[in-house]
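My notes follow, in the order I looked things up.

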Amino acid sequence: MRRSIALIAILALLFAACGNDDDSADEATPEPAAEEPAPISTPAPIEEPVEEEPVEEEPDPAPEVEPTPAPVEETTPVPVLTSEPVERPEPENFDDPAFTSDDKLSTVGLGSVYFGMTPDEAGDAVTTLWTGGPGEGTPRCYLLAPAGGPSGVVLTIYNSSIERIDITNPSITTRSGASVGSTEAQLHELFGERLVVSPYADGSGNSIQYVPVDEADVDYRVIWETDGTSVTSMRAGRLPAVAPGEPCT
């Protein structure tokens with residue numbers, strides 16, 4: 001009985017399967033619709049990370065220092081120019097001697113008075129008054145002496161300039177120390193071969209000249225007059241005024 005039921009069930013299944021195949025053959029199989037391509041998505045740009053610059057910290061402001069005021073410079077008043085001539089101040093004391101033992105006689109002059117100076121320039125160089133001056137008929141050569149001394153110092157003005165100085169004062173010396181009262185032997189010891197000795201015609205003494213060796217001083221002389229033993233006077237100056245035994249001769 002069970003076998004019969006199973007057989008019937010199998011037959012029913014086979015019958016049903018055959019019927020489905022006939023139905024499906026009559027119907028056309030629909031073609032699948034063409035699939036549209038999916039849109040390609042554009043990748044978003046990759047943003048590179050921005051490096052942040054380090055922020056520099058501002059230094060603390062330096063403390064304000066009050067500036068030291070600059071010293072006020074004293075301005076020298078500008079002299080007001082006038083049309084009147086400026087007067088030269090007078091020397092403090094005309095009685096002071098024009099020359100002292102500190103002033104030395106040489107081939108260039110005596111102290112601050114130099115050969116070639118005018119009398120006015122000599123007056124500016126020493127604080128003294130001068131005695132003497134040009135007399136009648138002798139403007140070319142005349143003598144000056146300091147009113148305040150020392151005695152025994154005479155300047156010869158020749159052709160408007162000081163060309164000779166005569167000394168009889170023993171306190172005035174040459175740069176080497178020779179003076180009135182020095183011996184002839186001392187002169188030879190000081191100056192040696194630079195001396196030229198000229199005996200007097202009467203044999204009473206000698207004229208001894210110091211002749212410079214420098215070409216620039218060839219016209220200058222220092223001359224001592226002696227009594228044959230010691231110096232009695234001396235002079236210095238420029239040729240021709242210094243050559244004669246007496247000035248202005």
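I started with the largest pocket, which has a volume of about 250 Å³. My pocket search ran on a 1 Å grid over the protein atoms alone: a pocket is an open set of points where a 1.4 Å probe fits, with protein on both sides within 12 Å along at least five of seven lines, whereas a cavity is a set the probe cannot get out of. Grid points are joined across faces, edges and corners, and the volume is the space filled by probe spheres set on the points.

Before going on, I noted that this is a predicted model, where local features need pLDDT of at least 70, side-chain atom pairs count only at pLDDT 80 or more, and totals for chains, interfaces and linings use all residues. Residues are numbered from 1 along each chain as its sequence is written, and side-chain values use heavy atoms, with hydrogens and water left out.

Which residues lie nearest the centre of the largest pocket? I found S106, T107, R175, Y210 and V222 there, out of 16 lining residues (those with an atom within 4 Å of a grid point). By type, the lining splits into 8 nonpolar, 4 polar and 4 charged residues. β1 (105-106) and β10 (220-226) each give the lining at least two residues.

**Overall layout**

I counted 3 helices and 11 strands in the chain. These are DSSP runs numbered from the N terminus, H or I over at least four residues for helices and E over at least two for strands. Read from the N terminus, the order is α-β-β-β-α-β-β-β-β-α-β-β-β-β. Of the 249 residues, 27% are buried; buried means under 20% relative accessible area, exposed over 50%, and partly exposed in between, with a 1.4 Å probe and protein chains only. Among contacts (heavy atoms within 4.5 Å) with a separation of 6 or more, 46% join residues 24 or more positions apart.

**Around β7**

How many of the residues of β7 are buried? I got 7 of the 7 in residues 161-167, so β7 is largely enclosed by the rest of the structure.

I then went through the pairing, where two strands pair if DSSP finds at least two bridges between them. β6 (residues 153-158) runs antiparallel to β7 over 6 bridges. I157 has I162 in β7 as its bridge partner, and V154 faces D166. The β6-β7 hairpin has 2 residues between the strands, and N159 takes a positive phi near 55 degrees there.

On to β5 (residues 141-146), which pairs with β6 in the antiparallel sense over 4 bridges. L144 has L155 in β6 as its bridge partner. This hairpin has 6 residues between its strands, with G149 at a positive phi near 85 degrees.

β7 is also joined to β11 (residues 231-238), antiparallel, by 4 bridges. There I167 stands opposite M234.

**The three-strand sheet**

I also logged an open sheet of 3 strands, ordered β1-β2-β3 with antiparallel pairing. β1 and β3 (113-114) are the edge strands, each pairing on one side only. β2 (residues 109-110) meets β3 through 2 bridges, and L110 stands opposite V113.

**Two loop residues**

Is S182 buried or exposed? I have S182 as buried, because its relative accessible area is 8%. S182 sits in the loop between β7 and α3 (184-191). Its side chain reaches the backbone nitrogen of S179 at 3.0 Å. Leaving out residues up to four places away in sequence, S182 touches G177, T229, S230 and V231.

V218 lies in the loop between β9 (206-210) and β10. I put V218 down as partly exposed, because its relative accessibility is 43%. V218 and L239 are 21 residues apart in sequence, and their C-alpha atoms are 9.2 Å apart.

Notes
Nonpolar A, V, L, I, M, F, W, Y, C, P; charged D, E, K, R; others polar. Polar contact = N/O pair within 3.5 Å; in protein donor to acceptor, adjacent residues only side chain to side chain.
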